[in-house]
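Hi,

Here is the structure I promised to pass on. Have a look at it first, and then read on for what turned up in it.

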Amino acid sequence: MIETARKSERLRVNEIFHSLQGEADAVGYPTVFVRLTGCPLRCQYCDTEYAFHAGDWLDLEAILDKVRGYGAQHVCVTGGEPLAQPNCLKLLTRLCDDGFHVSLETSGALDVAAVDARVSRVIDVKTPASNEASRNRLENFQALTPRDQLKFVICSREDYDWSKEFLRQHRLAERCRILFSPSYHQQSPTTLAELDGIAPATVAAKH
Ligand code: SF4
């Protein structure tokens, strides 16, 4: 019984580290990153494959202690796909209760409705060139608020055109902030910035 209770408070963690946020609207803030292990997707441009399998099981309290130790105000829970571990929801709430500014980076393939409302959700929309566009969970768009951000990783002109049409079809620019991010080594940031009609979006520096 005790062992069951302990397992209900654990997460498999790939790494916890302190750095400057390089993405989305919290860019530049000193941030503690909690990278959880595992992802059910396989985007062709993935740069965190090392997080698919490796990691240590940690109690929530041990994660919180480590995060507190850095003395930062911002925490980003990322992956992999952090929501693939159900206890991620508990971690997000506990971080918010502690007074941190909390963001969540998620693939857009899993349900985000149960995420604590205090969390800023950065939700990917997978483009055709990611090879995972069929995983976009359209029901998530019903739960979007102005606190959230949708991120398109753009690999090509075709991806850009597809993304603009996707935004128009689902009227997403009216619901939250939109980020277009060039895929590293696949899409020039300069070219992306110069494409016609990019005004509603923000171009982030990296995926
Ligand atoms: S969702 Fe993120 S972590 Fe998972 S395969 Fe795609 S880029 Fe990698």
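Let's start with R68, which counts as partly exposed, at 33% relative accessibility. Keep in mind as you read that this is a predicted model.

Which side chain does R68 meet in a salt bridge at 2.7 Å, N to O? That is D65. Both residues belong to helix α2, where they sit 3 residues apart, or about one turn of the helix. D65 is partly exposed too, because its relative accessibility is 45%.

R68 also forms a salt bridge with D98, and here the closest N and O atoms are 2.6 Å apart. This pair ties together parts that are 30 residues apart in sequence, because D98 lies in the loop between α3 and β5 while R68 is in helix α2. With a relative accessible area of 37%, D98 is partly exposed.

The structure holds 16 salt bridges.

One more is worth a click: R168 and E165, whose side chains meet at 2.6 Å, N to O. They are about one helical turn from each other, because they are 3 residues apart in helix α4 (residues 157-170). R168 counts as exposed, at 55% relative accessibility, whereas E165 is partly exposed, with a relative accessible area of 33%.

**The inside**

Now for the nonpolar residues. In soluble globular proteins, nonpolar side chains tend to be buried together. Here the largest nonpolar core has 41 residues, and those with the most contacts inside it are V34, I63, V77, L95, L150 and F152. Which helix gives the most to this core? Helix α3 (residues 88-97) does, with 5 residues. Apart from this core lies another one, of 9 residues, with C43, C46, F52 and A109 among them.

Leaving aside its neighbours within four places in sequence, F152 is in contact with V125, T127, W162, S163, F166, L167, I178, L179, F180 and S181.

**A closer look at α3**

The buried residues of α3 are C88, L91, L92, L95 and C96. Why do they end up on the same side of α3? Because they cover an arc of only 135 degrees around the axis. As for what they pack against, the list is β1 (10-20), β2 (30-36), α2 (60-69), β4 (74-78) and β5 (101-106). After α3 comes G99, which has a positive phi, near 95 degrees.

**Around the ligand**

There are 11 residues around the ligand, and C39, L41, C43, C46 and T48 come nearest. How many residues of the shell are nonpolar, polar and charged? The shell divides into 5 nonpolar, 4 polar and 2 charged residues.

Last, a few spots along the backbone. Most residues other than glycine have a negative phi, and most peptide bonds are trans. With that in mind, check these:

- The peptide bond from G79 to G80 is cis, with omega near 10 degrees. G80 has its place in the loop between β4 and α3.
- N131 is not a glycine, and yet its phi is positive, near 70 degrees. You'll find N131 in the loop between β6 (120-125) and β7 (149-154). N131 is exposed, with a relative accessible area of 56%.
- H185 is another residue that is not a glycine but has a positive phi, of about 70 degrees. H185 sits in the loop between β8 (177-182) and α5 (189-194). With a relative accessible area of 73%, H185 is exposed.

Cheers

Technical notes. Residues are numbered from 1 along each chain as its sequence is written. This is a predicted model: local features need pLDDT of at least 70, side-chain atom pairs count only at pLDDT 80 or more; totals for chains, interfaces and linings use all residues. Side-chain values use heavy atoms; hydrogens and water are left out. A nonpolar core is a set of buried Ala, Val, Leu, Ile, Met, Phe, Trp, Tyr and Cys residues joined through side-chain atoms within 4.5 Å. Buried means under 20% relative accessible area, exposed over 50%, partly exposed in between (1.4 Å probe, protein chains only). Helices (H or I, at least four residues) and strands (E, at least two) are DSSP runs, numbered from the N terminus. Contact means heavy atoms within 4.5 Å. The arc is that of the directions from the helix axis to the C-beta atoms. A residue is near a molecule or strand if one of its heavy atoms lies within 4 Å of it. Ala, Val, Leu, Ile, Met, Phe, Trp, Tyr, Cys and Pro count as nonpolar, Asp, Glu, Lys and Arg as charged, and the others, Gly among them, as polar. A salt bridge is a side-chain nitrogen of Lys or Arg within 4 Å of a carboxyl oxygen of Asp or Glu.
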